[in-house]
Each structure stands twice: as C-alpha cells, then as structure tokens.
Amino acid sequence: MNNEHIALPFGDGPGGRSLTMRGPADMAEALPYLLGFFPDDSIVAVGLQPPGLHQGGVIRLDIPESAAEWPAAAEETADLMVRLSERQEQRPVQVLLYLCQDPAVRGPGREHGPPVAERLRPLAERLRQSFESRGVRVKESLCVSAGRWWSYLCTREGCCDPGGHPVRREPGPGPVAVAATVAGLAPRGSRKEILAGLAPVGPPGAEPARAALARAGAGAGAGPGAAQGGRRPLDRREGARLVDTAVAEFMAGAVSLDDDRAARLLLALQDRVLRDRAAEYARPAELAATRRLWSFLATRCVAPHERLAAPPLTLLAWVSWVAGDAATARVVLGHTLRRAPGYLLAQLLYESMNGGFAPEVLLASIEEERHRRTERERAEGEVAAAAEREAAPDPSPGPDLGGAPGPGPDQAGGGGAEPGPGGAGAGAPARGKARRGRRRRGRPVAGSPPVDTPPGPASRTADSTDTAEPPGDPAGPGGVGPDGVGRGGLCRARVPGPAPRAASVLPGVRRPRGASGVERGQGRAR
C-alpha cells in the first residue's frame, strides 16, 4: 500500500466523521466497522472514488469452497463492483480487497500460521487481474485470518512477518476503532453469530412447531409459491387479522405466539399481498416489536419447512434497515437469498442497499399505501354498517289493522325480513344497495368470479416465488383487489435509478456456472 491517503466516512449524514487510513494496519482494523460485522468466509471489495480516493461501494461475496470456482468468483466480484458503481454514475478508480477466512483446524501453534493466506493467494491474484482488466487498480489486498493480517502486495523481502500482523493493537485500540466509537458505530460480531440467533428452534420446541405446521397445511416442500398441502388457501381477510393482531400483541410486550397461530401466520406471509401488508409496520414505535416478531417466526421454520422462513427473514431485514441496523439487514438478506434464490423482495432490498439508496425512499411509498388502506377500510366499515342498518327490519310499530296478525318471518308476505319464493322482502332493496356498494369498491359479490387482468409487459412487481395471487390488479397500484385487500406494497415502491433485476448477482450470493438468474452456491448456507 502506497502513501496515498484514503478517507472513510463514519456515521450518517453531514455530522458523520471521516478517518484517513495510512496503511494496511488501518485497513485491517477498519474492516468490521465498514460492514458492521466481521465477514467470515468472505471476499470484500471497497471501491475508491475520486477525488481524494473516498470510499465508494462496499460489496461482500462468499469465498467458494472449490478453487476451481475462484476465477469465476473473481470476475463476478469485479463486474459487480463496477456495475453498481456505474449506477451511481461514477466508476471506482481503485479498490481495496479483503479475503477473510479462519483456519479450518485450530491447535497449538496453528492459530496464526500462514496456510490460509497462502492457500488463498491464487484467488487474490485472480481478483487483481479481474479488476485491472476493467481499468480499476488494486490499491491493497489483504488476507485477514484468526485476528491477523497479511498483505498480498508486499513484495519487499523481509518486510512482512510470515506469521502475519495482529489486527488489534496493544495496549489500546487504534485510530479506526476510536473514530468509529466516537461516531457511534460498533461491530455486531461475525456473520455467523448474527445468523445463530435466527436458526430454527431445536428440541424440545421443534416437534410441536413441526406438528403445528402440519396441522396448518404446510407440505414438506412448502415455501413461497408452493402449494399448501391441498389445504384451502388462507382467506386474506383472515390473514390480515392474523398479521395485525400479532403485531399489536408484540407491541404490547409479547415475545412469542402459540405454535398453531405461529404456523398459520407463517403460511399467511407466503402470500405476497399479506407480506406487503406486514411490511407496512415500519414506523419508529413499531420497529422493536416487529423485529422481535419476524425473528421469532423465522425460528419456527423447522425442518422440513425451512423455506417458509423467506418472508419473515426478509421482513426482519427490512425493519432492521429502517431502524439503522444495516449490518443485520445485509447479513439476513444474503442468508435469505442463499436459501430462497429468486425471492424478489429480498433482491430488491439488497440491490437498493448496495445501490446507495436510503430506506426512506421505500418508506414513503409504503406509508402512502398504508394511509390509503386504512382510509379504504374505514370507508368500507361505514358502508357495511349503513347497509346493515338499512337491511334491519323497522322496529317502529305499524298501523293498527284491527289486531289482525301479519305474516310471519318465514311467510311470503311483504313485511318479512326475507323474501318468499318468487317475491321480494323488505330487505331486498337494502341488500341490493349493499351489493352495489361492494361492487363499486372492488369487493366481491357472492357468486361473482374474480376479475383477472394480466399485468402489462412493464410489470416487475410480482414475486416469482411468492404464493400465487390473482394475476391482475383491477384496481391498479395501491388499489383494492377482488378480495378487498390492497394491492400496493414494498415491491411496488418506486426506487430511483435502474430497476433491480431478479437475475442480478448480489453481495453474498453466487450463481452456479452456466446458470442465468440463479445464484451460485445456494446450497451452502453457512
């Protein structure tokens, strides 16, 4: 690493601080603060932008287990860094590279040995070639392993200790740690530690959770877009009540749901419309409660129902991002896309984060949809109440007809509440009004089929792996579908710049060789 200084911004907004790194020791110490966690088993690239080599984009990908995949991984890393930077209309001129991996076997005398750094050297060289072929010079390339670092660009004989250099300085923290602490930043542990709290529950809770999912109708392959074991699809109004009630209970301090309610809620969230309704709960007072709720639901996705976890994990990443915890959001989104490749909402959020967008861009859209939905539901409630009042029999006494009894409620007379065969009762006009009111608001009339209008060619909003829903949007974005549930949502939010593509490569997610739009290495969930 030469003597050019690198400015790294710490903190958010105009009040954030910048740190000037002057060598690889600073660079190694800065790594967990750049991401908010320590990226084990990872390739990390930090783009450097002019003027002054300020920090640009930061991406992370898994290190492939097989060395045969390293050339493709290097090309993918360089391509992704350049492509994401160009979306911000500025290419990086240089890049910092990290290869992070701890020794597979630890024992006396082996904790700080050079085997990891030497084993990954061919990958470091491939990365250098891939970036330089795109006109991006590698400013520094480090291996970070077991609390020590090595430079792959150090060529002077006797310059670097073969055993590496310690990342943590003695007797106190270095300038990077001090600047980050002053800015209010702190690493949240390693990627594995973050994901450990979201692992499916083990014995003795696993079996009751598995039995509840079976009772709810989850098949062995259930997941977004999978059939629910032949079970009648959950009514969206019932699903909306499940979501609203669970959020209200967690805001009141609850930390769990009973197994059957958790199972029914997990199946409800496989529906895109209900999942997007759940994503609306992202106001400041709701964030702590919803983070607990979505984390709890993710732990209930026990084998063989792990794929049910994609919606709650994505919702957890969303509210974590809104709450300012981008580190957890990145880790959880990467984990979700390894388990459920092609899950569009997770891809949209991941690309939005790595494209430099702020969550407020999406928040404004779903807050607008939430306001429309609540106003619509209030109006529908008023119409339904008015219809019930009109349909109710008049309690006022009728004219005195000399005591002659009128027809009973089950007779065909005009004064009954129900019509007789071939006739119309007093309630018929009111019921007609109620039917017309529902029709005007897009609510289904009993016996009428849903209106299916295929989305136009520009539509990018249907999750390719979400539970099937009526393919049309008769009421338009933000409107109401034939089941009376709103059709807006996070996937319809307008994000500035090019639209995220479902087939794009995302940090932490890899595509198999020769595949298109399918991430590589999805079976290796760590």
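## Close-up views of a predicted model

View 1. At 12% relative accessibility, Asp41 counts as buried (under 20% relative accessible area, with exposed meaning over 50% and partly exposed in between, for a 1.4 Å probe and protein chains only). Asp41 lies in the loop between helix H1 (24-35) and strand E3 (42-49), where helices (H or I, at least four residues) and strands (E, at least two) are DSSP runs numbered from the N terminus, and its phi is near 55°, a positive value in a residue other than glycine. Ala146, in the loop between strand E6 (137-145) and strand E7 (148-151), also has phi near 55° and is buried, with a relative accessible area of 13%. This is a predicted model, in which local features need pLDDT of at least 70 and side-chain atom pairs count only at pLDDT 80 or more, while totals for chains, interfaces and linings use all residues. Residues are numbered from 1 along each chain as its sequence is written, and side-chain values use heavy atoms, with hydrogens and water left out.

**View 2. The enclosed helix H14 (residues 344-354).** Because 11 of the 11 residues of H14 are buried, this helix is largely enclosed by the rest of the structure. Its buried residues, among them Leu344, Tyr350, Glu351 and Asn354, pack against strand E4 (54-62) and helices including H2 (70-87), H13 (326-339) and H15 (359-391), contact being heavy atoms within 4.5 Å.

**View 3. The crossing of H10 and H12.** The axes of H10 and H12 come within 10 Å and cross at roughly 25°, the axes being lines fitted to C-alpha atoms, for helices over the stretch in contact, with angles from 0 to 180 degrees between N-to-C directions. The two helices are therefore roughly parallel to each other (angles under 35 degrees). The contact is made by Arg275, Ala278 and Ala279 of H10 together with Pro311, Leu315 and Trp318 of H12.

View 4. Not counting residues up to four places away in sequence, Trp318 touches residues including Ala282, Leu349, Ile366 and Leu490.

Note on methods:
Angles under 35 degrees count as roughly parallel, over 145 as roughly antiparallel, 65 to 115 as roughly perpendicular and the rest as oblique.
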